[in-house]
Structure formats: C-alpha cells, structure tokens
Amino acid sequence: MNDSFRPKQIQLNRYGQLKHFLTLDGLDKLLLTEILDTADSFIEVGERSIKKVPLLRGKTVVNLFFEASTRTRSTFELAAKRLSADVLNINISTSATSKGESLSDMLQNLEAMASDMFVVRHAQSGAPHFIASAVTPQVSIINAGDGRHAHPTQAMLDMLTIRQHKGQFDGLVVAIVGDILHSRVARSQIQALRTLGAAEVRVVAPNTLLPSDTDALGARVYNDARAGLRDVDVIVMLRLQKERMEGALLPSENEFYRLYGLTDEKLGWAKPDAIVMHPGPINRGVEIASSVADGSQSVILNQVTNGIAVRMAVMSMAMGGMTVEKNELASTQAELTANVR
Amino acid sequence: MNDSFRPKQIQLNRYGQLKHFLTLDGLDKLLLTEILDTADSFIEVGERSIKKVPLLRGKTVVNLFFEASTRTRSTFELAAKRLSADVLNINISTSATSKGESLSDMLQNLEAMASDMFVVRHAQSGAPHFIASAVTPQVSIINAGDGRHAHPTQAMLDMLTIRQHKGQFDGLVVAIVGDILHSRVARSQIQALRTLGAAEVRVVAPNTLLPSDTDALGARVYNDARAGLRDVDVIVMLRLQKERMEGALLPSENEFYRLYGLTDEKLGWAKPDAIVMHPGPINRGVEIASSVADGSQSVILNQVTNGIAVRMAVMSMAMGGMTVEKNELASTQAELTANVR
Amino acid sequence: MNDSFRPKQIQLNRYGQLKHFLTLDGLDKLLLTEILDTADSFIEVGERSIKKVPLLRGKTVVNLFFEASTRTRSTFELAAKRLSADVLNINISTSATSKGESLSDMLQNLEAMASDMFVVRHAQSGAPHFIASAVTPQVSIINAGDGRHAHPTQAMLDMLTIRQHKGQFDGLVVAIVGDILHSRVARSQIQALRTLGAAEVRVVAPNTLLPSDTDALGARVYNDARAGLRDVDVIVMLRLQKERMEGALLPSENEFYRLYGLTDEKLGWAKPDAIVMHPGPINRGVEIASSVADGSQSVILNQVTNGIAVRMAVMSMAMGGMTVEKNELASTQAELTANVR
C-alpha cells in the first residue's frame, strides 16, 4: 500500500493543514484541538443576531447524500449557509445514477461544475475516502458518516461538548453504552478520546452488540452496566439502530432497556457530576429514560448546537488547507512555465 | 385553562407585539391593521428590480411541512428569501420521524441548531399552537395552515386584497361560498372580517358543507346562492377539497356547480363592482367558471401577489417582537446576576 | 400563423435582445456569438476564489421541472446562484398539479409571486414555447430541454467547447453519432453549427435511429461510421437513451457498440486533433469506450464546466432584454397617462 494513500496523508496538505475530513484515524492531538478551538469561535456566531460570516462566500458546497438523513443534512446545510456558501443538495437515490451513470462519472461532473466541497454520506464504509483519493484533486471531502466506519464530525461535536463541561480530557473516564457493533459514532469517539488523552474509555454492551475483535477497539469492555458505569465522568448512550439489527441474536428492546437503558438508577452509579450524551435521534424508553434525557445532567441539546459549530469549523479549515494547496500548485505551475520560457 | 395559554397571550409579547402568528382569534383590529400596513410597504419590494431587503439577514427560517404543499411552501420560501433569511425546507413525511423520533425531540433539535422561525403546516388542528406553547421559548412560530382550524396568513392576504380594492371594511358585505365545513381558510376569514369591521359576513353552502353549529361561525348562513350573493361587495369562493370529502353526503360536482358554482349569471346578483376571490388552486368548472376566474372582477392573482407581501410582513413583525422579548430576557438575567453580586 | 408567434419574434425584444431562450431556430450568428462571448467572460468567474457576481441579485429564478433531471437542474441552480439570484426548485410531479390545477393556473400563480425567470424542462416538445407565448408577459423563459425538440443551452455549451478548442467554426467538419431520432440535443446542435458556419455537419447512425425525413435535418447522413468519421474535426457522441427505445427495431447494445461505439480504432479515422464530445451522462461501453471518454482528445468535462458559464450567460442576457422591455413598457404607459391628462 502506497504511503500517499494512508488516511493521514490524504487528509492533510504538506503543511499539515486539513484538506479533507474523512476519519480521526491518523489525526494528532494538535489538529483535533485546533478543530475544537475553531468550533469554539463559531459558537458565538450562532448566538449573534446575524448568524452569518463570509468565510465561504462564493464557494459551492454539495451535500452528496447516498443515504437519506434529514437531520445530518440539515446541520451541514445550515453550517454551510452560515459560512455564506452556496449549497446544492443532491439525494443520490433519486438522481442520475438511476440512468446508469457511474459514481466516478457523477463526481467528475460535479467537480467540473467548479464545486469546492462534497459532504458525503454513504452506507458503505470507505466511500468518502475512495472519493477523496481516486477522484478529485480540487475538491474537499467531508465525511458525514460512512457505513460502520466513521462519523468524525459527530465525534468532534461530542468532544467539544465534553470539553465545555469538563474543561479538559486528562483524567476523564468515559463510558460508551449500547450498540457498539454497528456504530460508526463509537469508533470515531474512541479514536478522538484516546488522541485527546482521556484516562479511560469503556464500552458497555452485551457480547451480541460488540465486534468479535474487542481488543482492536482500544477500549475496556464491560458486559455489566453497573461495573461499566461506576464512577465515570461521561456517559455516551448510542442509538439502538433497530433497522440494522434484524435477525441478530439480540435481547428484546425491553430486555435491553432493563440491562443497559440509562435510567436514573443507573445514572446514579456514575460520578455525581457525570454528563449524559446521545448522538440522537433518541429512542425514549429503549436506550434512555425520558427523565434522564431531559434531566439536569443531560447535555444532548448542547451536542446539537455544537454540531453546527464543529461543522462550520471543519468546513472552513478544510477550505483553508485546500486553498493553500491550490495556490502552491498554481505557483509551481507558474514556475515551470517560466523555466520553459 | 391557564390564562397564559390563551392564544392572544402566547402570540404577543408583553408590549403587545407579535411573537407567533397562529390564529386571528384574539388579535385586535389595531394589530391586524398593522399587518396590512406593513404588508403594503412590502408590495413595493416585489415591484423593485432588486426584490430584496436585509431585515432577516442571518436568521434561519425552517419550513416545517407535515403536510405537503408546494404552493404554500413556495410563497413562504420566497418571502423569507426576499427578507434575506437562510431557509431550510423540511418535509416531515420523508424525515427522521420515520426513525421513531418524537415530534417534541425533533423540534428541540431544530431549536438547538439556533433556528429563529418555524413555518408550520400540519394536518392536525392546533399543532402550531402546541409547538409554540409546549416546546420553544426562542423560536417564532408561523401557522401555514393547520387542519380545519386556521390559515391566518391566507386570511390576511385576503384582507389586504379587499382593502386594496374597497379602501376599507366599514359597510362591506362579504359572502364566502362553498365547503365551509372543511375550510380553515373560511374560519380565519370570518374572524378577520369581523375584527376589521365588515358590516356583514355571509356563508353560502348546502347544509352538508356547513358545520353542525352554524351559530358559532359568526356569519349569516344562506343555503340559497341567489339570496346569499344579493348585493354583496366581495365574493370568496372556496376550493372544493375533493380529497377531503370522500363518503360525505354531497351533491355531485355537477350539482354543486349548478347550485353554487360562480358563473357570470350568479356574479350578476352581486353588486356591479363586486370583487371575486379564491384561495387557489382553482377547480375550473367545479366551484368557479373560467369566464369569472379570468374576468375583470376577479382579483385572484392579486391575492397571490399579496400573499408574498403579507408573509414578509408577518415574518418580519414576529421576528421583531421576538427580538424585543429576547433582549428583555437578557437584561432581566443581567439584572439578576448583578443583584446576586 | 401570426407573425408574432414565430420563435424569433417571441425570443427577442424589438431591439433584437434576448428575452426568452427557447430554441436556436431563428437566432442569427451575431446573437449566438454574443452568447458565446458572454459565456467566455463567465468562465473566469468559475475560476475565482469567490465564484459570484451580483447580476441577478434580488431576482427570483424558478426551476420548473416537469421531467426530473438532477444534473440539468443542478447546473441551472448553480448558474443562478453564482449570479446571486434567489432560486426556487419546483418538481411538478410532486406539486399542486396533482390537485388538478391547470398548468396555466400554476404558471400565473408563479408569475403573480413576482418570479423573473422560469427554467422549464418538459417531456413535451414545444412546452416552453407555449409557456412563453400564451402565459407570461413579464417572465423570461429558458428552455432546459423539451421532448425531442430542443435543448438550446446544451447546444451552446457544445459550441463554446468547440470554439475554445478549434478557435472558429469556418471549415470545421462535425459528426454527430448515435440516436439522432430521439435527440433534442442533436437538433439544436445542427442548428447552431449551421448558423455559426461550420463547413459540414454529418449525422452517423443506423436508419432505425434516424428520423424518416432526413433531408429536414440539415446534415449529411451516414450509416457507416468509417465513412462518417473520416477526417472530421469534432465527434459528438449521443447518449443511447435506453428508456426511450423500448420496442424499437434496434440493434442490441453490443451490436450498436460494435458498429457505432467510439473506440480508439474509430477515433483514429477522424483527424489526429479531433475532439470528442458527449452531452452526458455517459454509457461507457455502449456508445463510447472508457479509453476514449477519459483520453486526451476527450473534452467531455470541459463541456460540463462550460455548461455553467453558458447558462449564466443566457440567464443574464435574457434578464437584460426583459428589463429593457419592461422599462420601455413603463415609459409608454407613462406617456399614455401624460397624454390623457
């Protein structure tokens, strides 16, 4: 495997600046912290009377959703519009691929329209990485969730929320509870927490909702919720993706709720100032009790607010890294032309 | 029933300014006149070469349509864009509620994205009022039609059209003809006309298209079109909502047209300078003859033009009232904080 | 047939400026060249860091698609947004026409909302012309493809691509290959090439994919690809519209590819510097080999880039012609009013 195809290489330009945002794998603490700091500065924009900055004015952002998600698409659309970009929404299931056009041809066409950024959601793991590596030299790719692989903007908004409430990551114990097996969110969260220096990351789930190779997760595994939640600082509940679990050897919803659903009682096992997170949408009474979701320790709606800020941060940083690279390319070409003369 | 849940209370801030626009019930003549005057000032914007004002720049308006309506959605989208707002269209039938998310959770999420306004269309009466009262302290709600209850922007654009052509409401006799039973438009029109001081409001319909409690309508009931249309100044034809009337004890379309359809002959029973209105879309040959719809007394297309102006007026007024309330809240909090110190 | 309904008359105002863009039929070389020159000036906008000009600021452009086409809709949407227009997308199959509203009523409604431009795609030939002639005095109509009739912006982006690579049209021999019978693109291309002075236009196809009256095409007909491609400067491959050809007396896809599909071998029959074009989306291995589509003589992606520029050009020119006409109308009315006094 060629060096230049390692995620880190493809995500950064030669100055280490973000060009694409595909995965947290290979990104270092400095860069993740830069994303959080930039997002912090955008929080204030959402509180202004005029929620708009001109950073992406005249840029074209294409929401390329191969998998429908009104919620995620809306947050990226709002983030792009608050950065003053022009936004084009393309829902692939209803588009020209039905005419037999190849993915690669479709992407080249969108590039040729002078698009600056593709926000890609895809049911297949690795699709955004494929797009970034194989197809485009001029367009920045943002992963908005690919298969079971990664959901890096979700993980970073979670990190922003943790940092807001806990100040820092040193010494924190974080438990991620539920369907780890099918969760791109959990994968990205574990990477982010380890990179940012959390003391301990736990996953709490029955074996049927854990991958076969739990060692590779980089987290301590607990089947028992009482042990797993004991004295943690942060609880992340995952959504039970009913639509993904048909035919699986699963406890029933009731059984799952009894064993792992976050009730006031279970929340009591964590530290008194523990915060409760959830990527949404919530299944009340399945993975979380309403009293907890709406309780004083819940920061679930903060996550949503932070989601806009983190997406604005990643989009503006990627556009910056891309611009530096383009200018460099242009001056190299100018130099070559000069030498030819 | 708590006082604070009466529509008037919830629609206005403590200075009597519009915060939400849910129903005409409880709004006084002064406020309705202010809406009409503001709309008048926006008519001119639609005639400019650059049809745009910066009143809602940097605001996020979400079109939240639980019931599809390209026509109404388009007028609100255009109104918001001409006020320079960022617009997000969400069609709920295709969105995350299919993932089992509750309405309330979905709304809280949209609020957490720092939305400023929800334009709500819903098949259930009272849905916008529920949203305004139960869910949100920071977001302005505009009713774009709920069940059989109300369609207040439609009624106000009708009032604007009447005022443009008749100068004032004093002394006017207005006949509303057709399917009163299922019509949210008729309900809102009757309220508006009574508040604004029309001399007489008539409803003209067969008993099968009238509510059982006709006294509560606040209008004189006529089963006979000739009597009902005699010497009126304004005729409002309602759309025969075929899709709503299956199984009803109805005359056939032909029979309806013979008895109530507005033909040149029936129009002759009204005053010579009577105007003809219709909320659209028109069923030609069902409730109105083409010669009347396209005739010199028809102001149907003026209604459409006025619809944009009225929606711009209501949106900008509600945003103003909301802003005053937010500032007040902020200064109260600042005061409280100061007292604590 | 009244003179004023001839396409040329309806497309131009009395100063010969573009008001509507429906077909290339009746437009002269001077006007087509003006479109190409204007488009050239917009190419540079697509290369800027801020890809935006304020020419259509405050204008409302409605994409009125009676036939779904994500690709074409996207290019018009991007072109309009880069001109700073407000864009409203209306997909008719899902809109109010399902409520039984007539096309004419729907259009009058959109006009009454102070729309400035309709971009119309329709499966029926002549629909945009009908709309321009019958319905609207104030709205500019752009044909985005109607039935088998015309696709004038596609043809003009092809002309721009040819001019960029060949410098001029004099002396050029152009071959259009494939499904001529069903192609609105081919019809518009032949008109454009003849008007702009190409030396020879050839159509290369089996008789089953040619119209019965080949003389009316204005092109030399070749059934044999080797003869048809010999020494040509430009090859335009058409998309094999599988969905349109069911039941037709057709060669199989394989047979078609063997006889007409553009392979390296067949490309070798053309001039060494011949360029290869295709309106997209491509059927690789059906009408064109991947090695040719991606080869050094292919200008297929340039066509896409030029598509945005040509659409910006046509939109801004039509809006200009429309504005002149409106001002003229206004001053005529002012004069009449003055005379009355």
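Begin by selecting α3 of chain B: 13 of its 13 residues are buried, so the helix is largely enclosed by the rest of the structure. A residue counts here as buried if 20 or more other C-beta atoms lie within 10 Å of its own. The model on display is a predicted one.

**Along α3 of chain B**

Keep residues 70-82 of chain B highlighted, since these 13 residues make up the helix. Between its first and last C-alpha, α3(B) reaches 18 Å, close to the 18 Å expected at 1.5 Å a residue. Then move to B:Ser84, which follows α3(B) and has a positive phi, near 75°.

**From chain A to chain B**

Next, display chains A and B together. Their contact joins 22 residues of chain A to 18 residues of chain B. Colouring the chain A side by residue class shows seven nonpolar, eight polar and seven charged residues.

**From chain B to chain C**

Now hide chain A and bring in chain C. Here the contact takes 22 residues from chain B and 18 residues from chain C. On chain C, select β2 (86-91) and α4 (103-112), the elements that contribute two or more residues to the side touching chain B. The largest share of this side, four residues, belongs to α4(C). By class, the chain C side comprises six nonpolar, seven polar and five charged residues.

**Colouring by confidence**

Finally, colour chain A by pLDDT. The average over chain A is 89, and 89% of the residues score at least 70. Where in chain A does pLDDT stay under 50? Select residues 1-5 of chain A: pLDDT remains under 50 over this stretch, for which the model has four contacts beyond four places in sequence. For the model as a whole, the scores are ipTM 0.89 and pTM 0.91.

Note on methods
Residues are numbered from 1 along each chain as its sequence is written. Chains are lettered from A and ligands numbered from 1 in the order in which they are written. This is a predicted model: local features need pLDDT of at least 70, side-chain atom pairs count only at pLDDT 80 or more; totals for chains, interfaces and linings use all residues. Two residues are in contact if their C-beta atoms, placed from the backbone, lie within 7 Å. Ala, Val, Leu, Ile, Met, Phe, Trp, Tyr, Cys and Pro count as nonpolar, Asp, Glu, Lys and Arg as charged, and the others, Gly among them, as polar. The expected span of a helix is 1.5 Å times one less than its number of residues. A residue is buried if 20 or more other C-beta atoms lie within 10 Å of its own, exposed if 12 or fewer, and partly exposed in between; C-beta atoms are placed from the backbone. pLDDT is the predictor's confidence in each residue, from 0 to 100.
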